[in-house]
Amino acid sequence: MSSNPCQPPDRAAERGRPGLFAATLLAAVALLAALAAPCVRGYVYTHDDLGAFHLPLRAFYAEQLRRGEPFDWTPQLFCGFYLTGEGQAGTYHPLHLLLYRVLPLEAAWAGELLASYVFLLGGTYLFLRRLLGGGCKGSGARVPRACRQCTGKMPVAPCDQRGSAVRSRWGRRDAALFGSLAFTFSGFNLLHFVHPNAIAVVAHIPWLLWAIDVMLVEPDRRRVAAAQVGIALLTGSEMLLGYPQYVWFSLLAEGAYALCVIHGSRRVGGSSAVAVGFAADGCHAARASNEPADALTPTLFPRETGPKRNLEEDVRLGGTGVSPVHGQDARGTLQPSGKGYSVPLGGSPFRHAIGPCSRLALAKLAGLMLGGVQLLPTLDWLTHSVRRSVDAGFTNAGSLHPWNLVQLVAPYLFTHRVAGRNTHELGIYVGAVPLMQNVWLVTCRRQWGRLRRPVVAALVFGAIALLLALGKYAPVYGVQRLLPIVGRFRFPCRYTVLAALCAALAAAVALALLARQQERGEKTPWRRMRPVGIVVLLSLTAATTGMLLRGRPFIAATPALLAGPLLIGSAAVLLALSARGSRAALVGLVLFCAADLGYYGMSYAVYPHAERLDAYVAETSTPPSPPDGRVLADVHVLADVHVLADVHVLADVHARCAGHARCAGLPTPHHGSSRLHTGNQMTLRGWHRADGYAALAPARNLDYRGLPALRAAGVRWVRRSEATEAIAGLIDRGPHWLEVPDPLPRIRLVTHTLPSHDPARDVARIPLESVALVDEPLDLPSGVPGKAATLAERPGRLRVRVDCPSEQLLVVSESYHPGWRAEVDDRRLPVVRANGDFLGCVVPPGVHDVVLEFRAKSLSAGLIVSCLGLAMVAAIIVGHVLQAARASSTPRRDAGADHAAPAPEAEPVVETEEEPCPVG
């Protein structure tokens, strides 16, 4: 015990066992090294969406940055595509701008993918250390004696000579690092390596939870200010990554955590106590009233103090039930209550949480505004995409079938590891060790101590997330469809990311309890290991059932069937030995967990599909000619609306490549569907597509199963498939390709227009060389079509010289969007929709230069909103600076001055042997 009561307690328990921490750190570094090994060898990651969607768009993005040209519109897909509106490239994120502007494509690509896991590992570690340590300053510190130097006889937290509470003891670093490893490399996060922007958003969640905890419970004004600004910047970063569904998951986690903090603080110091830990409210109020602010702030989730426990006993046991603070009566003295010392401000404790919660809401609002340059274009493009109207069948797509719960005890039971073919979406394996630790933790409820609330909250929230992941198989998910924007999200199975976070949190607590139990020489009775044995039996049952069904196409081979019981059984043995006091088994538990999770995730998403970029591009299947005209690879029609490319899910590439796992560019099957979808790899070889692969594919008015629509789009080559074989008039050019005869030029002038409300039908009834379909009648004089030639072109901008004897309609086979602007001799011209899906504008007679440029209002408005968000963040910083200046200018009374009210006498605190927190 320290001789000076004002000094922090010993940090040995906080550091945990050096050997266990070193083993966990080694395992985490090894997993990061294994993840980065392909890029170190000069390879690029190409599995599934990485090569089919993200890499081609990043290549275009990097090239535009290198040239210093706009990147918001790309002509490579869908006859023109609002790249910023689609969102998944995260084009305005500062990290992306830096990486792809400074580094080569391969290095920037690897940096983007790997940075998310490093960021996630560090954020989860900090959050769990703070959570396991009790949260805020002083909240976890033991109080050996009254601090008479600063507060007289009041039994308060150890404090420094300035009267501010000392920093609390953090939680065990070995347990925090293990929980961070379990979440960072969980099955969900490694399987979703193919969705880099999703993992990037997930990496922000623990940092946001950490910042919210700091802002809500820290008494230090500077820390509160930094946390509020951090929340705003992190939220803005999430928004700029362009994946709203995962931002929604983050909001759910943040809201649930904030509510838990508020609910836990409302019981501090009795039923009428103020949540004094809420930011600087209570402490700064004491300072403003000339009282020393040396109060002990509450634990993050304080447990209730029983009626037989007095103040000194509760403080001695870890400060978990009460929080002595400087409440004042008319004389300015502290007022004791039946369960502790509380601030007698009266009213509901939730009323006093309004200030901290309003700061949190302000930070989130500033963050949302920071992401305006991405959010507004996405909302704009959503109204022009196939998702502008969706039904229950679409939003329920990707529901987690209850059979997939078997993965928890039999991860390799099914052929594709999941009940279905979409492995990375439906995989829910959290690892054998975290699963067994969660089961064991439930059996040790009496050892939870002051972590009872976070553990219960994690288990309940994880169960709710898993229930939502069932989608259409659970009635709860139907409520989400009533929400705006959120109701259009598909793949409810993605809610399992929140369940994985909760499982990792519980696993960290379990490891801390195991380590603390070994340090005390305690052993878990064998009867408490019965639930662990039941899980082993369930795994054996699943494997036995698989053996009986062997030969079915959805059941894996025998070695894969036996892997489940082997993993679960090994984890159970290591856990039992650890619970019985074996330190070597506890280290083995950590290493086994790392090996299990690393193989499960990386064997699917990383190592089978990494190769050199030039080889990957060379293997891409393209038409038998140099790039000339557009390519149509997929033809799909939605019910009652003619649209292109219902391209939502890309199957495993190797599933359709007849054993050649790297035949990039060949068609791959839609999960659960016989329809084929082709990735965007051919754009890496200079080809442009009339269709494409994207989440927000644009809605189409033409039916591209007909030759007239293909000619109007300037398509020259069509990939041979069952759907395209039925198109009459195509020319056979080999086993893979069909040629479109006489595709129309990209720009042309026409002298006749025909109003049409059904372009898909009417396009086959007109001579496309001289007539165009329009939405509204245009009065054009008859005559001979003039000439049009392209003078300059770059993505999103086209300069054309026209020469016509009369007013004529300039038709450009570039996708129509209201963001296009047309100018002739610095005079604005209206842009109309031509032939259902393309651009048109009426040009005057004579020789003129026409400039068509994409300048979407949503993008300019988004830039303004983002600037306002930056201004709001700056205002938050200025506000905290001014508030701190006012507080520092307020004169403070000397505690020993003659005019100070005497402190009330209190019973002396008897020094006893301290009982530390179970995990600290």
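**Ground rules.** I number residues from 1 along each chain as its sequence is written, and I use heavy atoms for side-chain values, leaving out hydrogens and water. Since the model is predicted, I ask for pLDDT of at least 70 for local features and 80 or more for side-chain atom pairs, while totals for chains, interfaces and linings use all residues.

**Confidence.** I looked up pLDDT, the predictor's confidence in each residue, from 0 to 100. The protein chain averages 80, and 77% of the residues score at least 70. Residues 894–901 have a pLDDT below 50, and I found 5 contacts (heavy atoms within 4.5 Å) for this stretch beyond near neighbours in sequence. Residues 903–918 are also below 50, with 36 contacts beyond near neighbours in sequence.

**Sheet.** I took helices (H or I, at least four residues) and strands (E, at least two) as DSSP runs, numbered from the N terminus. Two strands pair if DSSP finds at least two bridges between them. I noted an open sheet of 5 strands with mixed pairing, in the order E8-E5-E9-E11-E10. Strand E8 (688–689) and strand E10 (731–732) each have a single partner strand, so one side of each has no neighbour in the sheet. I then followed E5 (residues 630–632) and E9 (residues 715–719), which pair in the parallel sense over 3 bridges. Arg630 stands opposite Val715 in E9.

**Aromatic pairs.** I counted rings of Phe, Tyr and Trp (its six-membered ring) as paired if their centres lie within 6.5 Å; planes under 30 degrees apart are stacked, over 60 edge-to-face, and the rest tilted. The structure holds 23 such pairs. Tyr45 and Phe193 are edge-to-face, at 5.0 Å centre to centre and 80 degrees between the planes. This pair links parts of the chain 148 residues apart: Tyr45 is in strand E1 (residues 44–45), and Phe193 is in the loop between helix H9 (187–191) and helix H10 (196–202). I checked burial next (buried is under 20% relative accessible area, exposed over 50%, partly exposed in between; 1.4 Å probe, protein chains only). Tyr45 is buried at 1%, and Phe193 is buried at 2%. Tyr243 and Tyr246 have ring centres 4.8 Å apart and planes at 80 degrees, so I logged the pair as edge-to-face. Both of these tyrosines, Tyr243 and Tyr246, are buried. I also noted a cluster linked by ring pairs: Trp73, Phe78, Phe81, Tyr82, Trp381, Trp820 and Phe854.
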